[in-house]
Amino acid sequence: MLSAFSALSACRRGAARLAAATLVSGLVAAGAVATAGTAVADETPQSPGGATATLGDLKTYGSAVIHDHGEDSWVSAGLFEMSVDDGGTLQTYCIDLHNPTQRDARYQETSWSGTSLSGNKDAGRIRWILRNSYPQVNDLTALAEKAGVGGLTEQDAAAGTQVAIWRYSDGADVDAADPKAEKLADYLQRNARNLPEPDASLTLTPAAVSGHPGERLGPVTVHTDADGVTVAPPADAAASGVKVVDGHGKPVTSAADGSRLFFDIPKDSPDGSASLTVQASTSVPVGRAFASDSRSQTQILAGSSESTVSATATVDWAAKGAIPALTAEKNCADGGVDITAVNKGDEAFTFELMGVEHTIAAGAGQTMTVPLQEDQAYDFTISGPSGFAKRFKGVLDCRTQGGASDITTQTVGEPSPASIGGSGSGGSDLAETGGSGATPVIAGVAIALVLVGGAAVLFVRRKQTPEQGPAQD
């Protein structure tokens, strides 16, 4: 039988090979981007909005043992804590057992479709567990009675809840080390039933629009569970004259769920772009997923304080020619990133995608999927007319499959996530803490390198004309 240390060391070797392969491929692609053009690309968010947070420590936890083909791996199991940008705290459980955690990793609220929950028929059962266990149920005496346990500590409750979640999120053969926590896990697993995915705390759809100056461009629709949101106009609104208005052209500074917002662009404006931001204070719905672009374990929300959430939408306008609006979203069902391009101009929008030329007629739109490999980092720019350029980057993390030799969660003796900066004091091997020595390298590669299925870069160009040269709770 392999020890936990041996199993984690095996994962470390595999991760190192992945990092090396990514580095080689990424450098080739990076060269392509460097020569793509001089336009500065706006980095376009792939999340329509919500809470953005930074991962902290594993705060309340017990221990668990994962069984796989005769191998046992001991790990910590419990609640993480995240700090929300601009105020607020989140409590989360892991739903991605075979990936590492990165201290200080940045996380974004996201839909299940962009995570390993996509296609998981038991995803709704995980939400039931969250709503019917700790910390949503903080009366531990009542929870213990339901589970048929003599008594529960917070550590037992957190460990039992995490174990039950892993059984559905990862299909793991896992037991809580403490008998009381194990009985709670069994109770939760037996009684869980499917609940629907919760709505986002705050989104704007679509996240990008376009059109001609002299028009109201949109609508951009607000979706939120907050009582209301504040609306911030473009940063240079006073100089540019661009306003955020309602359907009647009246300037707005606040909105509610279902509100339709428009960009009012002065008729004499030169070709350009702008953005609006909406912000609210609310509790993020339990069951929302949180994903990181630094290859850190996907998390699911168990509890939220009153937190600051926000969303941004962009607008591009031009007097003539193709006028694209571009958005991107991870699509785990199809194993890639969906790029949606909408052309509100008066000329066709022609571009190359993975070596294939596509044309979107004036007034039309199209969504295309860029295929990626699991754990593949990507960073690419789509360029267009009049200096238009949009940049998309991230890491595709859609799967949880793995064996005991792939486990990279925290070991019992080291509850904190592995640091992005490398091994801890004393130069200890990160395999001992449940991290991977290659993990910081992978995180760096994910952020810095360009890797899009070997094809590297999507170039978008203006089509040439003779004149010119997207229950129970």
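These legends describe close-up views of a predicted model.

**View 1. Strands β19 and β20 form an antiparallel hairpin.**
Strand β19 covers residues 324–331. Strand β20 covers residues 336–343. Eight bridges join the two strands. Two of the bridge pairs can be picked out by residue. A325 is the bridge partner of V342 in β20. T327 has T340 of β20 as its bridge partner. Four residues lie between the strands of this hairpin. G335 takes a positive phi there, near 65°. β19 is mostly covered, with seven of its eight residues buried. Strands of a sheet pair through backbone hydrogen bonds, either parallel or antiparallel.

**View 2. A disulfide joins C332 to C398.**
The S to S distance is 2.1 Å. The count for the model comes to one disulfide. A disulfide is a covalent bond between the sulfur atoms of two cysteines. The link of C332 and C398 is left-handed, with -75° about the S-S bond. C332 lies in the loop between β19 and β20. C398 lies in the loop between β25 (389–395) and β26 (418–419). The pair therefore ties together parts that are 66 residues apart in sequence. Are these cysteines buried or exposed? C332 is buried, because its relative accessible area of 13% falls under the 20% cut-off. C398 has 12% relative accessibility, so C398 also counts as buried.

**View 3. The largest nonpolar core has 83 residues.**
Which residues have the most contacts inside this core? They are Y93, W166, L261, F263 and V278. Helix α4 (residues 154–169) gives the most to the core, with eight residues. A second, separate core has 20 residues. Among its members are A322, C332, F392 and C398. In soluble globular proteins, nonpolar side chains tend to be buried together.

**View 4. Helix α2 is mostly covered.**
α2 spans residues 123–131. Seven of its nine residues are buried. Which residues of α2 are buried? They are A123, G124, I126, R127, W128, I129 and L130. What covers them includes two strands, β4 (89–94) and β17 (299–304). Helices α4 and α5 also belong to this cover. A further buried residue is C94, with a relative accessible area of 1%.

**View 5. Helices α3 and α5 pack against each other.**
Two packed helices are described by the angle between their axes and the distance between the axes. α3 covers residues 140–147, and α5 covers residues 179–191. Their packing angle is about 70°. Their axes lie 9 Å apart. An angle from 65 to 115 degrees counts as roughly perpendicular, so α3 and α5 are roughly perpendicular to each other. On the α3 side, L143, K146 and A147 make the contact. On the α5 side, K183, L184 and Y187 make the contact.

Conventions. Residues are numbered from 1 along each chain as its sequence is written. This is a predicted model: local features need pLDDT of at least 70, side-chain atom pairs count only at pLDDT 80 or more; totals for chains, interfaces and linings use all residues. Side-chain values use heavy atoms; hydrogens and water are left out. Buried means under 20% relative accessible area, exposed over 50%, partly exposed in between (1.4 Å probe, protein chains only). Two strands pair if DSSP finds at least two bridges between them. A nonpolar core is a set of buried Ala, Val, Leu, Ile, Met, Phe, Trp, Tyr and Cys residues joined through side-chain atoms within 4.5 Å. A disulfide is a pair of cysteine sulfur atoms within 2.5 Å. Axes are lines fitted to C-alpha atoms, for helices over the stretch in contact, and angles run from 0 to 180 degrees between N-to-C directions. Angles under 35 degrees count as roughly parallel, over 145 as roughly antiparallel, 65 to 115 as roughly perpendicular and the rest as oblique. Contact means heavy atoms within 4.5 Å.
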